[in-house]
Amino acid sequence: MIIFIMDTTYSNRIQEESGGVRPLSTVLKTMAVLDVLASSVRGMKLPEIATAMELSRPTAYQRLLTLVEAGWVEQDHEMRYRLSMHACRLAAAALEQADLGTRIQPVLEMLVHRVRETASLAVLDRGLPCIVSRVESESVLRAEQKIGTTMSLEGSASGRILTAFADEMTLGRLKEGGGVLSSEELLNNARRDGYALSSGYTHSGVIAIAAPIFDMHGKCTSALSLVMPEFRFDLETFREPLIETARTITKMQQGER
């Protein structure tokens, strides 16, 4: 049997020095290509990517080649670059590790069956609300937003909830990152009422209502929302089913049955 013994002196020295370590800028620049590809509804060709990132084609190609070799990006038959299924696998793993995995999907489906409107789950991703799970209603007229779509921090119902119930550290990062937040009055209303409505100016004719979901430590990890055409919205109809479902998911995250 081989036993590995760590030199604690060396370990302590590494920990002391780690405060001065900076991230690799070349890696950050390469990973930024993934954000560009994720913002497109289809694959992108090299010139499009280079233009979007304000890069020369050779530089853009080098970063794409790196991501292809790493398995993050692939090319289709039209020579367009697109995210590979590797991204889906990691996204699924991230949801599971955040306790937002397959156990929650049936709960969303029950909510949609009950109110007959589309339900979404959003988390903060790089300072913006991002849809990570979604169940569409069967209505012909509905708001189309795919998983991975980001929303306004200020104007969306999910953004207002994630801001209103954010802890001090998260709120500080949002402000330092230049995020535009809703007014303190609206955020206080969301904390008091337990829900928030969207502003209406980000998507004309569409309205959403969202409620917070908390983990076992009482931290708001995500926002559950219902979205629908404005003419179908009625607060009394949707508020209680939404809040009840948010509480159910909160209990699941906190280990309750």
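**Why these labels?**

Reader: Why is arginine 116 called exposed?
Author: Arginine 116 has a relative accessible area of 58%. Exposed means over 50%, buried means under 20%, and partly exposed lies in between (1.4 Å probe, protein chains only). The value of 58% is over 50%, so arginine 116 is exposed. This is a predicted model, where local features need pLDDT of at least 70 and side-chain atom pairs count only at pLDDT 80 or more, while totals for chains, interfaces and linings use all residues. Residues are numbered from 1 along each chain as its sequence is written, and side-chain values use heavy atoms, leaving out hydrogens and water.

Reader: What can be said of glutamate 54?
Author: Glutamate 54 also has a positive phi, of about 55°, and is not a glycine. Its place is the loop between helix 3 (46-53) and helix 4 (57-70). The relative accessible area of glutamate 54 is 75%, so this residue is exposed.

Reader: How do you know how helix 6 runs relative to helix 10?
Author: Look at the angle. Helix 6 (residues 105-115) and helix 10 (residues 235-253) pack at about 170°, with axes 11 Å apart. The axes are lines fitted to C-alpha atoms, for helices over the stretch in contact, and angles run from 0 to 180 degrees between N-to-C directions. Under 35 degrees counts as roughly parallel, over 145 as roughly antiparallel, 65 to 115 as roughly perpendicular, and the rest as oblique. The angle of about 170° is over 145, so helix 6 is roughly antiparallel to helix 10.

Reader: Which residues meet between helix 6 and helix 10?
Author: Contact means heavy atoms within 4.5 Å. From helix 6 come Val107, Leu108, Leu111, Arg114 and Val115. From helix 10 come Phe238, Pro241, Leu242, Glu244, Thr245, Thr248, Ile249 and Met252. These contact residues divide into nine nonpolar, two polar and two charged. Ala, Val, Leu, Ile, Met, Phe, Trp, Tyr, Cys and Pro count as nonpolar, Asp, Glu, Lys and Arg as charged, and the others, Gly among them, as polar.

Reader: How many aromatic pairs are there, and what makes the pair of phenylalanine 165 and phenylalanine 214 edge-to-face?
Author: A search of the whole structure finds two aromatic pairs. Rings of Phe, Tyr and Trp (its six-membered ring) pair if their centres lie within 6.5 Å; planes under 30 degrees apart count as stacked, over 60 as edge-to-face and the rest as tilted. The rings of phenylalanine 165 and phenylalanine 214 have centres 5.7 Å apart and planes at 80°, so this pair is edge-to-face. The two partners are 49 residues apart. Phenylalanine 165 lies in the loop between helix 7 (157-164) and helix 8 (168-176), and phenylalanine 214 in strand 6 (residues 206-214).

Reader: Why is the pair of phenylalanine 233 and phenylalanine 238 called stacked?
Author: Their ring centres are 6.1 Å apart, and their planes stand at 15°. That angle is under 30 degrees, so the pair is stacked. Phenylalanine 238 has a relative accessibility of 4%, so this residue counts as buried.

Reader: What makes glutamate 74 and arginine 82 a salt bridge?
Author: A salt bridge is a side-chain nitrogen of Lys or Arg within 4 Å of a carboxyl oxygen of Asp or Glu. For glutamate 74 and arginine 82, the closest N and O atoms are 3.0 Å apart, so the pair qualifies. Glutamate 74 is partly exposed at 28%, and arginine 82 is partly exposed at 38%. The whole structure holds 11 salt bridges.

Reader: What makes alanine 246 count as buried?
Author: Alanine 246, in helix 10, has 2% relative accessibility, so the label is buried. Leaving aside neighbours within four places in sequence, alanine 246 is in contact with Ala211, Pro212, Ile213 and Leu224.

How values were computed. Helices (H or I, at least four residues) and strands (E, at least two) are DSSP runs, numbered from the N terminus.
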